[in-house]
Amino acid sequence: MLRAYINTRIFTGDLWLDGYAVLTENGRIQHVLPQAQVPEDAELTDLKGDILAPAFIDLQIYGGNGKLFPLTPDVATLKATYEYCQSGGAAFFMPTIPTHSSEVISKSIEAVRQYWQEGGQGVLGLHLEGPFINAEKKGAHLPQYIRRPSTADIDELLKQGEGIIKMMTLAPECVDADLIKRLQDAGILISAGHSNADYTTAYQSFENGITTTTHLFNAMSPFQHRAPGLVGAIYDHPSVHASIVPDGIHVDFAALRVSKKIMGERLFLITDAVVAASEGDYIYVEETDRYNNAQGVLAGSRLTMHKGVLNCIKAACILPEEALRMASLYPATVAGRANELGKIAPGYTSAMVVLDTNWEFKQLIGLS
């Protein structure tokens, strides 16, 4: 069925269009054309002046709607997390496992595989945040599971996770460069994070092929005038990306704004969202504006992607079109999916977010 979305202001990911319509069919955008040219046989959806933008993408989220993926790594949890993502305008996500046991990692791989086999939508792949991180920057991660990988460890992970593991956060100073390259050669996006690397080590890891970094400022060597650290290397490198948690807790909104000015399109949003958990290895205690672990250490956010976008616009004074790109086009680019996600253009997925003129979320459309 050819469907036309009309009476809308469209943000394509590149520019704003007024007086245009989006035509979709079979889950793909077919045309973006002047509204007067909409075919007579198209089914019309009148958006009544609302804004239409590319659906959001969350590359780091631990669960949603009462289900925590590290605690119950199964299809039901992935479904609940997908529903939570959709409630904040995200049609695509990477379920994430923190530094954990081999057993839990194996179960999470099988859960994603089963989810896909059952026709589950939205999951771009599994994100392993650890266990190959630096204990000095563990944050809320559990030290008993942190380890330095051997060749055998990488072989086993690649065998189990073939086609499933799409992203790994690791500390480049704790993993041999040849092992990092083996992961990358297998199609896994490597992100530097939970790292105490000095500036030189971090910058060299970017030159060696690491293309992104995990939750800027959090759990990484800071920028200091005599020791620029991982943050300084991220700022200074011309192409490396970084995710950031835009809740005003993980990062002050002024630091978000400054980072945006320095990094431009290299900075993108994640939620790093968790849910309350009173059992299992990872305990998450719900606070009014965050989640802490049992020791009171900041452990996750209460964000949706839309809330992150809204915070960028209203609290960090980032231009709306840039905030939208930070939640769609830029993560799509990082994930290697910018040829089909993050824009409203022919051939792209028809998943789009509808916002009112105050940037409030209204609905996610075009998923079928």
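Biologist: What should I know about the model before reading it?

Modeller: The model is predicted, so local features need pLDDT of at least 70 and side-chain atom pairs count only at pLDDT 80 or more, while totals for chains, interfaces and linings use all residues. Residues are numbered from 1 along each chain as its sequence is written, and side-chain values use heavy atoms, with hydrogens and water left out.

Biologist: How is the chain divided?

Modeller: Domain bounds come from an automatic or database domain assignment. Here domain 1 covers 3-53 + 346-365 and domain 2 covers 56-335. Their centres, taken over C-alpha atoms, are 31 Å apart. With contact meaning heavy atoms within 4.5 Å, domain 1 gives 14 residues and domain 2 gives 17 residues.

Biologist: How much area do domain 1 and domain 2 bury between them?

Modeller: Buried area is the accessible area (1.4 Å probe) that two parts lose on being put together, summed over both. For this pair the figure is about 1,200 Å², with 73% of it on carbon and sulfur atoms. On the domain 1 side, Trp359, Phe361 and Leu364 supply 43% of the area buried against domain 2, more than any other three residues.

Biologist: How many salt bridges and polar contacts lie between the domains?

Modeller: A salt bridge is a side-chain nitrogen of Lys or Arg within 4 Å of a carboxyl oxygen of Asp or Glu. Between domain 1 and domain 2 the count is zero. A polar contact is a pair of N or O atoms within 3.5 Å; within protein, one must be able to donate a hydrogen and the other to accept it, and residues adjacent in sequence count only if both atoms are side-chain atoms. Five residue pairs across the interface meet that rule, both residues being at pLDDT 80 or more.

Biologist: How many salt bridges does the structure hold, and which residue pairs with Lys362?

Modeller: Side chains of opposite charge can pair when their charged atoms come close. The structure holds 14 salt bridges. In one of them Lys362 pairs with Asp50, the closest N and O atoms being 2.8 Å apart.

Biologist: Which residues form a network of salt bridges?

Modeller: Arg28, Arg337 and Glu340 are linked in one. Within it, the Arg337 and Glu340 side chains meet at 2.7 Å, N to O. Arg337 is partly exposed at 27%, and Glu340 is buried at 18%.

How values were computed:
Buried means under 20% relative accessible area, exposed over 50%, partly exposed in between (1.4 Å probe, protein chains only).
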